[in-house]
Structure formats: structure tokens, C-alpha cells
Amino acid sequence: MKDPIDVHLPLPADEIRALVEADHKHVWHPFTPMQEWYEQPCMIVAAGDGAYVIDVEGNRFLDGISSLWVNVHGHRRKEIDDAVRGQLDLIAHSTLLGTASVPAIKLAEKIIRLAPEGLTRVFYSDNGSTAVEVALKIAFQYWQQHEDPKKREKKQLVSFHNAYHGDTLGAVSVGGIDLFHGKYGPLLFPVRKVHYPDCYRCHLGLTLPECGIACLEELEKLMDSEADTLAALVIEPLVQGAAGMIMAPPGHLKAVETLCRKYDVLLIADEVAVGWGRTGRLFGVDQEDVRPDLLAMAKGLTGGYLPLAATLTTERIYEAFLGPVEEEKTFFHGHSYTGNPLAAAAALASVEIFEKEKTVEALQPKIEHLTAGLERFRNLEHVGDIRQRGFMVGIELVEDTATKRSYPSGERIGMKVAMEARRHGVLLRPLGDVMILMPPFIITLEEIDKLLDVTYRCIEAITQSA
Ligand SMILES: *Cc1c(COP(=O)(O)O)cnc(C)c1O
């Protein structure tokens, strides 16, 4: 039997032209300067196959970003395809408001079995931003329903500069990336912000390990003076992804947890990017044996198939929402597609692959291969920093490595490298001038070599001509 891809692709040239025209006429792309968009070649994805995405002309591209950090076991993974098709034979959607559903129940059970200890309850939503919103609202309401009236003063949230927790306004309020979030200032609620360790550009001008993670002092001071009014702290464990793969040194997360416990501040782990294996453990918090009060997951949850998110919490927090209806302790939150059965079926199949194939264990030699292969990037004149945690890599390009001076943003160096890589069959999407490598876990060692080779050569070509 012929592969469906070969049956459908390539599309006829006039159809492709019509698609490009319609895209340019009607589609507003996310996080995209649209004026620049029209000047770039319009890559239209039509199919996928393992670690590759395939465009309408039938060209194959190694998916160096896991279709924006979501894909885990590869595209068109048979077990997940079958699970979604199987669920389609039953029902595509039913609501969790007033009814339960088979895949949502099974998935919750499975997630809890694998999640960090202490987390026992699953609240579903549709994406990472909503999973964070849910966590923030639960944390806030938890204290409002506390039996000790003094604890009801705990209303403020703590987050980190350069944090990214999504694009809805609550998530933006706890976010800290000026370029993305600055414009919406007047719409946001106030949040206490502290520095995340950024060891390449330390705001204190210190270096590890001599500093002893001195940037933690700011958080300790804040908690020490204002604990009575602090409800929760939200953190991206280990890695601030969207900030450009900023990586916290070992011990930082544990120290944050210790402070949260000492001052009775709830710890919210935003595992949307790092969760489901990305850092080389199933969850980021597993790396430092941290037990958050709330944990948000999304991107990799369905293996990168369908939009689904979950916010996990503990019995202690959940119980604060129990009581007679008239006490109004209910969590009044939910979305039309909350816990969608198709997405839950995909997630269930993805989690089963994690268990059956020991995906995280199988990833270890690939992580080492990636580490070894990144070493030679240090020879490149314009590579300022190379950051890696598991299968998350950021290669920061700078105009001058001695002073760490960035390129003017208008030069679009990162974007130019990505466009060049595309001409060599690799799909990348940078964050500014930080080249991101986040391939699906099924990538082979040979494909890792190709990803690295093309990235290396394209950085070299673009930065030397700049
Ligand atoms: C991507 C991301 C989000 C937002 O998830 P969406 O599904 O895009 O809404 C939130 N937090 C982190 C850490 C992320 O990387």
C-alpha cells in the first residue's frame, strides 16, 4: 500500500500558489512581524513523518523544534494515531461540566501515577496559558478560603523577570519578557518580580560557583518581609524557555522550594516546557526532588498531537474547595473543550509509550550525543553562550563575544540562520538571536548529527557575512 503522503503530495503548483495567496490575504500568524512574513518564502506544512515535517511540495525538513516544543514520539506515531482514530469511532467531544468521560478519567489516573509525589488531583484545560491561569486562581482562592483569617491576606503572587507563562492576561501578568509583555502593562495586575539566575548575563556581575547563587537573596528578603501577603510563587523549573533557554544552576529550584515552605508560600511549577521528559527526567522538578503544590503541564502532554493541558494539585489544596454549595467554595473555572476526549486519548497513548519504551531512559545517550556535538560550536566567532539541559538547547549568537554585545534586533541574525537552515532541510525557530534546538525524542544519533551540522554551517555562513 502506498503511503498516504505519496498519494497526496506534492500538491499541484497552482494549488500551492493559491494557498500562499490565501495565507497572505487572511491568516494572521502568531508572534510574527507580519510585514516581514510576506517577504519570506511561505513554507506550508502538509504532512509529518517521525522527526520530519513535509511541505506541500513534498520536501522533508528535520523538525529541530518539535513543532514548537510539543512533539515527543515523532509525527504520525502509529499508537497515537490509532488511539485518536479509535476515540473518533466513539465520540470526538463531550463535556466535563456535569459528565465524566472515559479517556479523561483514565488519563488523570495515569498522570497521577507518574507525577511528582503529593500531587493527586487533575484539573484539565486546553493549553499552557490556561493551565497557568488555573494554577494562579486555585492558589489565590485557596488562601481566600483558609480558616485562619490572617492567611486570607495572602493575595500577592511572586514570579521572575524574563518569565514566560503564556499569553492570556493572568499569565502575562506573571510574565516578565518586556518585548512580549511590556505593551500590556496597564491591563495587568501587579506581581512581585525577582531575578532568575541568568549566569551568562548575571545582573549582580557574579560568577558560579563562587557566588553561591547569590541572586536568591532577593527572594529571601522579599519573603522575609512580606510573607504575610504572599500567596504563591510561580516558576519555570530549571529553564526559562521562551526567555532564550536561560538555565538555573543546580540547587536553585530546591532553594526556592525551601523558601516557599519556610514562609508558607505555595509553589507553582510551570512545567509546560520542561515537563514530559524535556530535561532528561519525566518532570523538571524530579531533577531536584522538589514537590510543588501546583504543577502546570501542556506542550508534550499529548505527545504534541492535540491541545490539552492539566493543572495538578495536592489533597491539602483540593480539600479547601470542598463544602456545602452555599458556602461557594467551588472553583468556578472551565472551558468548553476542557478534557476533550480525543486529546485525552492521544495523551493516554503518549504516556503509555513513555512507560512501554522507557522513553526517558532511551533519551540519555542522545542527550550525551547532543552535548558532545555542541562542543565545537564554541569555536564559532559569534557564539556567545551554549546552554543545554537535556533535550533543550539554546545557542546564543552575539556581535561581540568579549563584551557579550548583542546584534541590533533589526539585523534578524537568528531568523536569517533559521531561513538558511531551511534551505538545507532543517526546520528551526530561534528566540531572537538564540538558536533553539529541541528535537523530538525519537530523533536518531545520525539525525542529531545532521541537525548540528546544518545549524553549525548556517551560523557560520550568516554571522561571517553579517
Ligand atoms: C509555551 C509555554 C506556556 C504557554 O503554553 P501555550 O500552550 O502556548 O499557551 C506557558 N509556560 C511555559 C513555560 C511555556 O513554555
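Predicted model: local features only at pLDDT ≥ 70, side-chain atom pairs only at ≥ 80, totals over all residues.

**Stop one: around the ligand**

Residues are numbered from 1 along each chain as its sequence is written, and side-chain values use heavy atoms, with hydrogens and water left out.

Now pick out the polar contacts (pairs of N or O atoms within 3.5 Å). Click Ser129: an N or O atom in its side chain is 2.6 Å from an oxygen atom of the ligand. Asn127 has a polar side-chain atom 3.3 Å from a ligand oxygen atom. On Asp270, a polar side-chain atom lies 2.7 Å from a nitrogen atom of the ligand. The protein buries 83% of the 380 Å² that the ligand exposes when taken alone (accessible areas by the Shrake-Rupley method, 1.4 Å probe).

**Stop two: a sheet**

Next, show the strands (DSSP runs of E, at least two residues, numbered from the N terminus). Four of them make an open, mixed sheet in the order 1-2-3-15, where pairing takes at least two DSSP bridges. Which strands stand at the edges? Select 45-49 and 426-427: strand 1 and strand 15 each have a single partner strand, so one side of each lacks a neighbour in the sheet.

Finish with strand 3, residues 60-63, which pairs with strand 15 in the parallel sense over 2 bridges. Zoom in on Leu62, whose bridge partner in strand 15 is Val426.

Notes:
Helix = DSSP H or I, 4+ residues; strand = E, 2+ residues; numbered from the N terminus. Polar contact = N/O pair within 3.5 Å; in protein donor to acceptor, adjacent residues only side chain to side chain.
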